[in-house]
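These entries record what I looked up in the structure shown below.

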Amino acid sequence: MTLTIYIDADACPVKDETYKVAARYTLPTFVVSNSFIQIPQSPLIKRMIVDAGPDIADDWIADQAVAGDIVITNDIPLAARVLAKDAYAIAPNGRAFTKDSIGAALAQRSIMEHIRSTGEITGGPPPFSNANRSQFLQTLDQTINRSQKLRR
């Protein structure tokens with residue numbers, strides 16, 4: 001059974017990198033968004049446009065992903081949902097979410113939401129860099145190899 005890659009695509013800066021790696025391993029890839037996103041012509045890459053609304057794309061990805069699949073997302077609650085299904089979750093900056101780290105990530109997210117709700121300006125994440133892109137490629141490659149070994 002081949003693993004599948006799902007891209008939470010609306011704000012993903014590493015779609016092109018994911019397409020290239022997926023092609024190298026001949027892995028099916030779903031690009032999930034609530035608006036049209038251009039994708040390469042490939043029988044391996046499928047566009048899935050879902051209705052607009054909070055968490056609709058996340059719900060679709062979480063429903064589809066199975067153990068060993070890979071989800072590319074910055075969304076921490078989505079990462080938690082796919083990890084619970086024994087799938088992998090990788091942020092575009094190369095951070096691999098794990099069952100050991102997801103609890104702390106969810107707690108940090110909750111704290112930051114609370115701080116922002118008080119009107120405090122928190123500044124947001126640092127700019128996306130070439131080092132982030134490189135780390136993402138390395139993590140994606142390692143995760144594909146790990147998943148494929150476990151599926152044999």
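**Second largest pocket**

I found 16 residues lining the second largest pocket, with Leu-83, Ala-87, Tyr-88, Thr-143 and Arg-146 nearest its centre. A pocket here is an open set of points on a 1 Å grid over the protein atoms alone, where a 1.4 Å probe fits, with protein on both sides within 12 Å along at least five of seven lines; lining residues have an atom within 4 Å of a point. The elements giving two or more residues to this lining are β5 (88-90), β6 (96-97) and α5 (130-151). Of these, α5 gives the most, 6 residues. Helices (H or I, at least four residues) and strands (E, at least two) are DSSP runs, numbered from the N terminus.

**Basis of the model**

I note that the model is predicted: local features need pLDDT of at least 70, side-chain atom pairs count only at pLDDT 80 or more, and totals for chains, interfaces and linings use all residues. Residues are numbered from 1 along each chain as its sequence is written, and side-chain values use heavy atoms, without hydrogens and water.

**Helix α2**

I listed the buried residues (under 20% relative accessible area, 1.4 Å probe, protein chains only) of α2 (56-64) as Ala-57, Asp-58, Trp-60, Ile-61 and Ala-62. Their cover includes β1 (5-8), β2 (29-33), β3 (45-49), β4 (70-72) and α3 (76-84).

**Ile-72**

Not counting residues up to four places away in sequence, I found that Ile-72 touches (heavy atoms within 4.5 Å) Ile-5, Tyr-6, Ile-7, Asp-8, Cys-12, Val-14, Thr-18, Ile-90, Phe-136 and Leu-140.

Note on methods: Buried means under 20% relative accessible area, exposed over 50%, partly exposed in between (1.4 Å probe, protein chains only).
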